[in-house]
Amino acid sequence: MMADTLSSSTAVESAQEWRQLKMDVLVGYILLVGVLLSMALIIAGLLWKYIQTGGVRLEYELAGMNLFQFVVSEIHLAALGQIRPRLLINMGIVVLMLTPFFRVLASVVYFLVVLKNWKYTVFTLFVLLVLTGSLFLR
Amino acid sequence: MAMPPFHLLLPVALLAGFVGAMSGMGGGIILIPALTLLGVDIKHAIAISILSVIATSSGSASAYVRDHITNLKVGMFLEMFTIVGALAGAAITLASSPRPLYITFGAVLLGSWLALLLAGHKSWESAAPQDGITRWLELEGSYPDQALGQTVHYKARRAYLGAPLMFGAGIIAGLLGIGAGAVKVLIHDLVMGLPPKVSTTTSNLIIGVTALAGTSVYLAAGLIHPGLAAPVILGVVLGAFLGTRLLVRLSNQAVRRFFLLILAILAIEMIVRGIRGA
């Protein structure tokens, strides 16, 4: 009886530990994919620009806007079929900025749904809200 | 603003990423002075640097997290403080005139120079008692140490002191556009008693989110210039990748001496420019 309770509690603990380890893998891959995708977009944009114009000088500026306005304007351009080198480079910057954002978003969901850890759900949610607010800055 | 040509920006960023990774100080501390020497205005340099910090920190954090060395709870708890600090720091930079920024940057460079000069070989001890607050925060863990060939268990402590200090580290990061990893590692090591490997890798994770908070302020202010961003991000990431690979081959002493020299030159240069108002 004692042994049973003991072993089942260790089993619960090790299952919890295992879930925690899975979270490492999830977070690690979000970061890896985000950075690689962003690099790929920037390199593709630069190559395209080079092929098109024989140079890689980018003269345009981003008027002060928040990330979401930026994303909307880029998607709008893409939808109009105006896929240009600068669109790829802008998307590279957007993907880079969204990488830590999605890492935090995934953490909130993981702490809430899988680990059921209310403390860390609140902590990560705070980080997510502050980041969301700052990305809406204008 | 004078835009330096691509063929200058890329190698400078590459070198900054390379040296930054080899020294463990991060790319920004070299990148920003180098960009200003190329004629980029300091606020644009800070904005681009902090954007590139997202890339270098996320890139290296991804490997450390999957190797189960990073402590996610420590990271996510302390992030709450660094991001608020970074927002404040970036706001201060926007409101500030360039000269105090040069001088502050030079002072931080001098501080890093001193920290690197005095860095000794302190050994980590796990026997410190954990306080109630840190226990409530579940700040403990274990990681597989390949050098020792065993799993190291540890308990953090003094989170109540680490948290406000991390707010300060966030301010420095947002203000100057650097990862401020050295400051974060110092807080992890000396205040919270984390093992060195956990402390550096967890600092790496925190840096990415902190840099994002700072970047958002600079993006809204219109300081993110894609013509600068594209070569700088590429160069810094590639340089950091190469620097990490080469780290094992070069002797630590040689890297340290080289970096001490560069830091000293850049620190003096930035402070002189701040005073003369260049």
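Predicted model: local features only at pLDDT ≥ 70, side-chain atom pairs only at ≥ 80, totals over all residues.
**Exercise 1. Chain A at a glance**

Task: Find how many helices and strands chain A has, and what share of its residues is buried.

Solution: 
- Start with the secondary structure: chain A has 4 helices and 0 strands. Read from the N terminus, its elements follow the order α-α-α-α.
- Next, turn to burial. Of the 138 residues in chain A, 32% are buried.
- Finish with the contacts. Taking those in chain A between residues at least 6 apart in sequence, 71% link residues at least 24 apart.

**Exercise 2. Where chain A touches chain B**

Task: Work out how many residues each chain brings to the contact, and which element of chain A gives the most.

Solution: 
- Count the two sides: chain A brings 49 residues and chain B brings 39 residues.
- Now list the elements of chain A that supply two or more residues to this side: α1 (2–53), α3 (85–114) and α4 (118–135).
- Of the elements of chain A, α1(A) gives the most, at 15 residues.
- Last, sort the chain A side by residue class: 33 nonpolar, 10 polar and 6 charged.

**Exercise 3. Two helix pairs in chain B**

Task: Describe how α1(B) packs with α2(B), and then how α2(B) packs with α3(B).

Solution: 
- A reminder to set up the problem: a pair of packed helices is described by the angle between the axes and the distance between them.
- Take the pair α1(B), residues 6–23, and α2(B), residues 28–37. Their axes come within 8 Å and cross at roughly 155°.
- The cut-off for roughly antiparallel is an angle over 145 degrees, so α1(B) and α2(B) are roughly antiparallel to each other. Their crossing is right-handed.
- For the residues that meet, look at B:V12, B:A13, B:A16, B:V19 and B:G20 on the α1(B) side, facing B:I29, B:I30, B:L31 and B:A34 of α2(B). This contact between α1(B) and α2(B) consists of 8 nonpolar residues, 1 polar and no charged.
- Move on to α2(B) and α3(B), the latter spanning residues 42–66. The angle here is about 150° and the axes are 9 Å apart.
- By that cut-off, α2(B) and α3(B) are therefore roughly antiparallel to each other. The crossing of α2(B) and α3(B) is right-handed.
- In this contact, B:G28, B:L31, B:I32, B:L35 and B:T36 from α2(B) meet B:I42, B:A45, B:I46, B:S49 and B:V53 from α3(B). The tally for α2(B) with α3(B) is 7 nonpolar, 3 polar and no charged.

**Exercise 4. The surroundings of one threonine**

Task: Decide whether B:T36 is buried or exposed, and find which residues it touches beyond four places away in sequence.

Solution: 
- Locate the residue first: B:T36 sits in helix α2 of chain B.
- The cut-off for a buried residue is 20 or more other C-beta atoms within 10 Å. B:T36 has 23 of them, so B:T36 is buried.
- Leaving out residues up to four places away in sequence, B:T36 touches B:I42 and B:A45.
- As a distance check, the C-alpha atoms of B:T36 and B:I46 are 9.5 Å apart, with the two residues 10 apart along the chain.

**Exercise 5. A strand pair in chain B**

Task: Find how many bridges join β1(B) to β2(B), and which residue is the partner of B:P144.

Solution: 
- Strand β1(B), residues 140–145, and strand β2(B), residues 150–155, run antiparallel and are joined by 6 bridges.
- Within β2(B), B:T151 is the bridge partner of B:P144.
- The two strands form a hairpin with 4 residues between them, and B:G149 in the turn has a positive phi of about 70°.

How values were computed. Residues numbered from 1 in each chain as written. Chains lettered and ligands numbered in written order. Buried ≥ 20, exposed ≤ 12 C-beta atoms within 10 Å, placed from the backbone. Contact = placed C-beta atoms within 7 Å. Axes fitted to C-alpha atoms, helices over the stretch in contact; angles between N-to-C directions. Parallel < 35°, antiparallel > 145°, perpendicular 65-115°, else oblique. Left-handed = near helix turned anticlockwise from the far one by under 90°. Nonpolar A, V, L, I, M, F, W, Y, C, P; charged D, E, K, R; others polar. Pairing = 2+ DSSP bridges.
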